[in-house]
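This report describes how the parts of one structure meet one another. Please look over the chains before reading on.

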Amino acid sequence: MLSAVCLGGCGKETEPEIISIKIGVTLYDQYDTFLSGLMDHFNEYASEKESETGITIHVEAYNAASSQSAQNEQVEDMIQEGCNVICVNLVDRTDPATIIDLAERNNIPIIFFNRELVEEDLERWDQLYYVGAKAFESGIMQGELAVDAFREREGMDRNGDGILQYVVLEGEAGHQDAIVRTEYSVSTITQAGIPVEKLGNAIANWNRAQAQTKMSQMITQFGDAVELVLANNDDMALGAIDALKAAEVKRNEWPVVIGIDGTNVGMEAVRNGEMAGTVYNDKEGQAEEMLELAFDLSTGADLTSLQLENGKYIRLPYTKITAAEASEGMEDMDK
Amino acid sequence: MNKKGFYFSLLIMSLMLITAGAAWGMVNSNREVENFQVSVVLDESTNDRWIALREGMEQAARDNHIKLNVVSTGAISYTDERILIDRELENEAEGIVVQMISSQDSSAYIEELSQKTAVILLDTDISPEDVYPAVTADNIEIGRALAKAILEDPALIRSNIQIGVLCGHAKQLSMQQRLEGLEEGLLAEGLKPTWILETGSPEMTGKLEQKMSETPASILVSLGDPETESAVDYFQSQTGMQLTTTLYGVGCSEKNVYFLDQGLIRTLVVPNEFNMGYQSISAIAEKLKYKLSDPVTEKVNYLVVNKENLYDAKNQKILFPIVQ
Amino acid sequence: MNKENLLDKLNAYLKKYMKPQSIQMTIAVSFTIVSVACMGFLGVMMYNRFVNRMEVMKAESTEQLLNQTAINLESYLRNMRRISDAMYYSAIKDKDLATESVDPEMTLLYEANKDNLISIACYSGDGELVAAAPVSTEKEGLNAADQDWFMAATEQMENLHFSTPHVQNLFDNASYRYYWVVSLSRAVELTENGNSSMGVLLVDMNYSSIEQLFKKVNYDTSSEYVYLMDSNGEIIYHPRQKLIYTDLYQENNLEEAKLADGSYEEMFQGSKRLITVKTVSYTGWKIVSIVPMSSFDMGLLGTRMFVIMLMSLTMLAVILFNQLVSAQIARPLQKLNNSIKDWESGNMNPDIYVGGSQETEHLGRTLRSVVAQLRQLMDDIVVEQEEKRKSELDALQSQINPHFLYNTLDSIVWMIEGERYDDAVFMITQLASLFRVSLSRGRTIISIEDEIRHAQNYMNIQKIRYKNKFTVTFKVEEEVLQCCTVKLVVQPLLENAIYYGTEEMDGDGEVTVRGYRNEQDVYLEVSDNGLGMPEEIVEQLLTENNRVRKRGSGVGLLNVHNRIALRFGKPYGLEIESYPDEGTIVRIHLPMIPYTQENQEALEKGTWKSEKEAAHE
């Protein structure tokens, strides 16, 4: 008993100062524009934090290439390499069981990000966290952008029937952001009193090329009847624009295209007017929060300053981006 | 033999005994628990209404290592039943669980049977009551619950109440007790049955039709599951006619539950037959395992169910059998 | 202090009980104690190790079972989600319900999965049925929007929701069938005439699929079982589900629902049990395995018995073997010890055991040679003593009674003075002859002839001295004359005969000396006609401690007897017959040994052996 106390006491005094931490990150697909942007910021903040605290931060990034089993193996590897904390961008958000079991067995905290798992899974262990955005906000804002565009832009209702004909380009089937963004953007438009008609929808899995293919099909199917394209992210919105360009639709006959995420290319498209707007998903904020959380977990610091929701969630708000804001943002960036 | 030699051989002997004992224990440690064979004799045992009961019995048989044999029967008579029991005893049944068709004059027979084998009475006791171990529903309370359901029915039209009662196997004490409870409950409001029909199930529908045309009842009370089904069949046959009769019944078959769900039956009192089955087999298992034990009469509870509370979490768990 | 006390006690105890024991006992007991202690220790260790191993294995196998079950359940649930996904993304989402029907897809999906499904149904946001398979006749007066699964789907639209088992209450089934189902519901986007609205897609899974899955796990009828509950502790599957529903059985599900994954020990209703919890992904359901410790003990009973059997059997073998080994070691020593005991108890010629181990054999051999040497020494001593005694006795015998010599010389002097020269010459001649025989050149063994001459010389002198108060007759057979005898044996008898037999007879004394042979023995007899002796005295005459005063030549009868016995052996010596008032006969009993140079020398050295003895050897 006595010796235990002494050990505890002595241990405290001689506890070695942490000089380096290792953070593992695995992405469902490193070619996802939003995520690669997020990762860039993450690495940037990591080096900033490094110089700020004097603690070396190693970031190990992996690409799961859309395979959940590959991701499971990566997590196992990262644990073996001695990562202090692992950030996981799930491939299949309904199937995190293997990763959670691995983490729990090895007592390595996990931060899930961008792809939200169900609460039941997150509750399975107390060292699981989620960093993401307030999904429904993005849908609502996208809807608002569409409403604004409809009201401000004359000629948007090209056939003049007072009804907004639209198509939806959806992200992965079952992805919470895809479901929520689609549902809320459309319901926001209807709630604003604008009658809508859905001409079609297509699942393009967040992917620009797939979106282009799907959009081309719809252009052939509906011709110029499409007045609004609601894309679940910027890449798909850009895919739609690619399709319009490929179909050689005249610039003034383009439907209004609205994306979400505010990736750099997306912002560029907004600024040059190809895209009517986008909803900025705060990737800088998310990257920063994720790094802070990972850092605190690695160093065993107190987490209260991070203001975790239910002790597990960090959710950041979205911002609406139109051409004006986009140029401002660009200027900021230039500075 | 000297003292040392004596102690030495004692040591050797005891070690040999220990060895033999341990070897015996080792060989016997994996032996299966012995199984008892118990036969169950029921009226119309293949009828749906016994599903819950049989589920309970099978569960208890599993728990107590009993080989259960529910004798397949149709509608049986008082004499059929005794023949069946004798046949089961010949087939080396070690215990008999029996639903007596007649509660009268059965005392001597049960006494004789008890000498030969372990006996548990099921569903109905015999008169005199509480002499032999029985597992039954609380029948008087079921009768009272029926009366209460009738009297507290907000849709009850108090004028010109004509109450018909379907009593089935009137020789069974359970029926008598339900009737007793019902009459007692009704009498509190000064009501009494207008007519009582005492017939076995095959002829019941016909008799009921006849009685209803003679003296139409505004309230029909059936005291057993087959009687309720007969009443339902009667209502079903009266298609096209405006129903002026409200049916209150006792039962648990899926058919009765279905017609309760349909609204044809106003209130159904459901004895907890799963428990009845489980407890009867548990009781006989105890009696077979510990010869000296003396099981006592046990009463299982019941549910009062209507269309509204049929799907309550608690009720549906008891009402609907899980086995498919 | 206490410790010292204890040590003292132990010491005292040891002293009390560690009395010297036999070698076999010591070896057997110590070997047995050591080996039994080792066996016991080993047995307990092995048993403990086995039990630990069993426990670990049990925990591992339970965990494996749970993981397997979880995997099966997860894959089953994933399949159900896939059905829902397929229905939604491949049928509902693409179709404008105003113009198109989802029924063919729905029926196809149902048919493809009908083993696991009860029904698939799609409802609009206000609970109206859009499509359903396989049955689509709704119950009257039913609003699906009031049901739990519907509300769960609309509340959290981005997820799929699994309900707890319940009875499906949607469709009218005139065959009175009711189904236990687990509902999987999700919010879907329905498009009608271009207007999208939210609806709910319901996939009612057949509860018996889950039941089957768990029945397989609970197949063996021991008291161990696995059950399933949701995250709030509501039971989804339990082998005794109905018993729990009807309050006949209790389960600790509400407490166990709070546990994280892992193994725990808990006390429930007075019995200790090992519980293992595993959470199923996505649903948050928990699979719990219950292993009562008693069932564990039951399983170990056989092993315990086996260990006990093995231990007691080994002990038995060890004890018997020890007994054998110790006996092997101790038996030669015991035999040797017995020889020594035999020796101790007086057997001077013990048969010393030689055998057993090398050491014991050496011991035996040494002891045997020691005994032989000792016996040799003792024999030597005996011979020496005998010789000494003989020579002592002989010396005594050879002494000339000075009184006799004086008297004789006095008589001679007196004769010479009285000028009886012839008589004097006779006397001196007789005396010289007497001396010559007495001396016999230092020999002890002489011929009977010489002995008789010596007796005659003596008697001649005495006759003169006693003035012929007695008469003496010699009747010696011729054949005995040339036999051996110890010298000076007759003279003491004659002295006695004169003294006792004739002194008081006043001239009537008669002394007869006879010599004869009886078979292989020679007898020389001196008889008188004196007063004789009572029998008691006769008996005492030849014993060492007689109190009879010895007179005469002072050497006495005993001396003569002993000398003969010493020379020729026990059976030989004197025999005395005496009859009061009649006289006394003293008989010398001798073996008949011809007087030859050889025999004489052998007898002289004590190496002579009688014929009997010689024959014996």
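Buried area is the accessible area that two parts lose on being put together, summed over both, with a 1.4 Å probe. The structure described here is a predicted model.

## Chain C against chain B

Between chain C and chain B, about 3800 Å² is buried, and carbon and sulfur atoms account for 65% of that area. Three residues, Tyr176(C), Tyr178(C) and Lys242(C), supply 21% of what chain C buries against chain B, more than any other three residues. The contact involves 41 residues of chain C and 37 residues of chain B.

Four salt bridges are found across the interface of chain C and chain B. In a salt bridge between Asp63(B) and Arg240(C), the closest N and O atoms are 2.6 Å apart. There are also 16 residue pairs in polar contact between chain C and chain B, both residues being at pLDDT 80 or more. On the side of chain C that touches chain B, the elements giving two or more residues are β4 (166–167), α5 (207–217), α6 (241–245) and α8 (293–344) of chain C. The largest share, 13 residues, comes from α8(C). By class, this side of chain C has 22 nonpolar, 11 polar and eight charged residues.

## Glu254(B)

Glu254(B) belongs to helix α9 (residues 254–262) of chain B. Is Glu254(B) buried or exposed? The relative accessible area of Glu254(B) is 13%, and the limit for a buried residue is under 20%, so Glu254(B) counts as buried.

Apart from neighbours within four places in sequence, Glu254(B) is in contact with Pro321(B), Tyr176(C), Arg177(C) and Tyr178(C). The C-alpha atoms of Glu254(B) and Phe320(B) are separated by 7.7 Å, although the two residues are 66 residues apart along the chain.

## Chain C against chain A

The contact between chain C and chain A takes 25 residues from chain C and 27 residues from chain A. About 2300 Å² is buried between these two chains, with carbon and sulfur atoms giving 47%. Tyr89(C), Met157(C) and Tyr282(C) supply 26% of the area that chain C buries here, more than any other three residues.

Six salt bridges are found across the interface of chain C and chain A. One of them joins Glu170(A) to Lys93(C), with the closest N and O atoms 2.4 Å apart. The elements of chain C that give two or more residues to the side touching chain A are α2 (23–92), β5 (180–192), β6 (195–206) and β10 (271–279). Five residues, the largest share, come from α2(C). The residues of this side of chain C divide into five nonpolar, 10 polar and 10 charged.

## Domains of chains B and C

Chain B is divided into domain 1 (36–137 + 273–300) and domain 2 (139–271). Their C-alpha centres lie 27 Å apart, and their contact takes 20 residues from domain 1 and 17 residues from domain 2. The area buried between the two domains of chain B is about 1500 Å², of which carbon and sulfur atoms give 49%. Arg49(B), Ala137(B) and Glu273(B) supply 32% of the area that domain 1 buries against domain 2, more than any other three residues. Between these domains there are zero salt bridges and seven residue pairs in polar contact, both residues being at pLDDT 80 or more.

Chain C is divided into domain 1 (93–210) and domain 2 (399–616). The centres of these two domains of chain C, taken over C-alpha atoms, are separated by 157 Å.

Terms used: Residues are numbered from 1 along each chain as its sequence is written. Chains are lettered from A and ligands numbered from 1 in the order in which they are written. This is a predicted model: local features need pLDDT of at least 70, side-chain atom pairs count only at pLDDT 80 or more; totals for chains, interfaces and linings use all residues. Side-chain values use heavy atoms; hydrogens and water are left out. Contact means heavy atoms within 4.5 Å. A salt bridge is a side-chain nitrogen of Lys or Arg within 4 Å of a carboxyl oxygen of Asp or Glu. A polar contact is a pair of N or O atoms within 3.5 Å; within protein, one must be able to donate a hydrogen and the other to accept it, and residues adjacent in sequence count only if both atoms are side-chain atoms. Helices (H or I, at least four residues) and strands (E, at least two) are DSSP runs, numbered from the N terminus. Ala, Val, Leu, Ile, Met, Phe, Trp, Tyr, Cys and Pro count as nonpolar, Asp, Glu, Lys and Arg as charged, and the others, Gly among them, as polar. Domain bounds come from an automatic or database domain assignment. Buried means under 20% relative accessible area, exposed over 50%, partly exposed in between (1.4 Å probe, protein chains only).
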